[in-house]
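Here is a short report on a two-chain model. Please look over the sequence and coordinates first.

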Amino acid sequence: MPKPNYLGEFELVVMLTVIRLGDGAYGVPVSREIEQQTGRDVAFGTVYATLERLQKKGFVSSHLGEATPERGGRAKRYFRVTATGLRTVRETKQSLTRLWQGLRELQGGTA
Amino acid sequence: MRTSHAIALSLFDLLDLDVALAGDLLEERERGCSAIWYWRQVLVALWIGIWGAVRDHKVLALRAVATGFAMEYLVGVLWANLSHLLPSRPMLSMSQWIMHLSLALLTQTATGWVVARTHRARQVPMVLVFLIFFSIWNVWGSWDWVRMVLVDSIDQPRFRPYFAQYLITLFMMIVGILLGCMLARRREDRHENISRDRSLSF
């Protein structure tokens with residue numbers, strides 16, 4: 001039986017953000033999008049550490065892009081979700097949906 | 001801003017953090033984020049870098065702490081055998097104190113160097129882990145004395161030099177360990193440059 005891949009809560013947030021941003025997913029927009037969508041104040045270091053972990057798991061890949069003067073000549077690192085990453089996000093969604101179903105406490109949107 | 005960014009970059013470099021992260025932070029700073037925001041982000045990134053290295057290399061971190069304390073033990077033995085040659089507490093003259101400080105700096109530099117050289121794969125995080133344990137151990141070991149002098153220093157100025165001596169000695173020991181790490185790192189860099197030059201010349 002293959003070992004299932006798990007995504008932590010923040011890992012899932014980062015994965016969804018990278019998917020949402022498409023080709024323009026590097027540190028700055030990823031952090032901004034997370035802040036905008038979740039209202040959380042996120043540290044860039046945390047986002048990078050999560051992306052690095054996801055890359056080690058094979059869920060995202062990265063490549064270096066252009067270096068601009070306002071970045072002090074440092075290149076941007078662009079991230080993209082891999083096929084394994086996409087499959088894992090789907091599996092996580094299915095697991096969460098199964099857990100959600102039939103919970104009376106969470107129905108009606110008042111809790 | 002360039003200076004602060006250069007400091008942040010060299011810190012990132014020390015911990016082998018992604019340079020793209022440094023670029024992202026500078027990009028945001030250029031867009032108007034405050035210096036406080038910038039340094040908070042840098043500190044969080046450094047903390048995550050150190051903690052991540054320790055979490056991923058727990059055995060290496062334990063070994064670094066053990067190596068450092070083995071060195072401290074050796075220094076302690078040496079100190080115990082030679083201490084009769086040196087003046088002792090409670091209050092030293094300025095020249096005696098400078099001699100004590102120089103010895104502390106020298107021995108701690110040696111300790112930092114040994115820890116860094118024996119943990120080449122993750123030199124800086126491992127030395128920092130040892131440094132944290134060493135500082136806690138040092139303060140813990142002399143806590144009763146430190147607390148007494150600290151409390152007495154509040155209303156009796158004559159006790160303040162004792163407390164200042166303790167703090168400065170601790171500070172110099174920390175500087176010594178970091179200096180040892182830097183020296184080991186410089187040596188590594190020089191070796192890397194020489195090997196690279198040799199490989200290019202062939």
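Does Glu28(B) count as buried or exposed? At 5% relative accessibility, Glu28(B) counts as buried. Buried means under 20% relative accessible area, exposed over 50%, and partly exposed in between, with a 1.4 Å probe and protein chains only.

This is a predicted model: local features need pLDDT of at least 70, side-chain atom pairs count only at pLDDT 80 or more, and totals for chains, interfaces and linings use all residues. Residues are numbered from 1 along each chain as its sequence is written, chains are lettered from A and ligands numbered from 1 in the order in which they are written, and side-chain values use heavy atoms, leaving out hydrogens and water.

Glu28(B) sits in helix α2 of chain B. Helices (H or I, at least four residues) and strands (E, at least two) are DSSP runs, numbered from the N terminus. Not counting residues up to four places away in sequence, Glu28(B) touches Val28(A), Arg32(A), Phe44(A), Cys33(B) and Trp37(B). Contact means heavy atoms within 4.5 Å.

Gln41(B) belongs to helix α3 (residues 35-56) of chain B. Its relative accessibility is 1%, so Gln41(B) counts as buried. Neighbours within four places in sequence aside, Gln41(B) is in contact with Val42(A), Ala43(A), Phe44(A), Gly45(A) and Leu25(B).

**The interface**

The size of an interface is often given as the accessible area lost when the parts come together. Here 21 residues of chain B are in contact with 21 residues of chain A. The area buried between the two chains is about 1,700 Å², and carbon and sulfur atoms give 54% of that area. Buried area is the accessible area (1.4 Å probe) that two parts lose on being put together, summed over both. On the chain B side, Asp24(B), Glu27(B) and Ile48(B) lose the most area to chain A, together 27% of what that side buries.

**Helix packing**

| Pair | Angle | Axis distance |
|---|---|---|
| α2(A) (residues 27-38) and α2(B) (residues 19-30) | about 65° | 9 Å apart |
| α5(B) (residues 94-117) and α6(B) (residues 123-141) | roughly 135° | within 8 Å |

Axes are lines fitted to C-alpha atoms, for helices over the stretch in contact, and angles run from 0 to 180 degrees between N-to-C directions. Angles under 35 degrees count as roughly parallel, over 145 as roughly antiparallel, 65 to 115 as roughly perpendicular and the rest as oblique. α2(A) and α2(B) are therefore roughly perpendicular to each other. In this pair, Gly27(A), Val28(A) and Arg32(A) meet Asp24(B), Glu27(B) and Glu28(B). Ala, Val, Leu, Ile, Met, Phe, Trp, Tyr, Cys and Pro count as nonpolar, Asp, Glu, Lys and Arg as charged, and the others, Gly among them, as polar.

α5(B) and α6(B) are therefore oblique to each other. Contact residues include Gln108(B) and Val115(B) of α5(B), with Phe130(B) and Phe134(B) among those of α6(B). The residues of this contact divide into six nonpolar, four polar and one charged.

**Chain A**

Chain A has four helices and two strands. Along the sequence they follow the pattern α-α-α-β-β-α. Of its 111 residues, 37% count as buried. Ala49(A) lies in helix α3 (residues 44-57) of chain A. At 22% relative accessibility, Ala49(A) counts as partly exposed.
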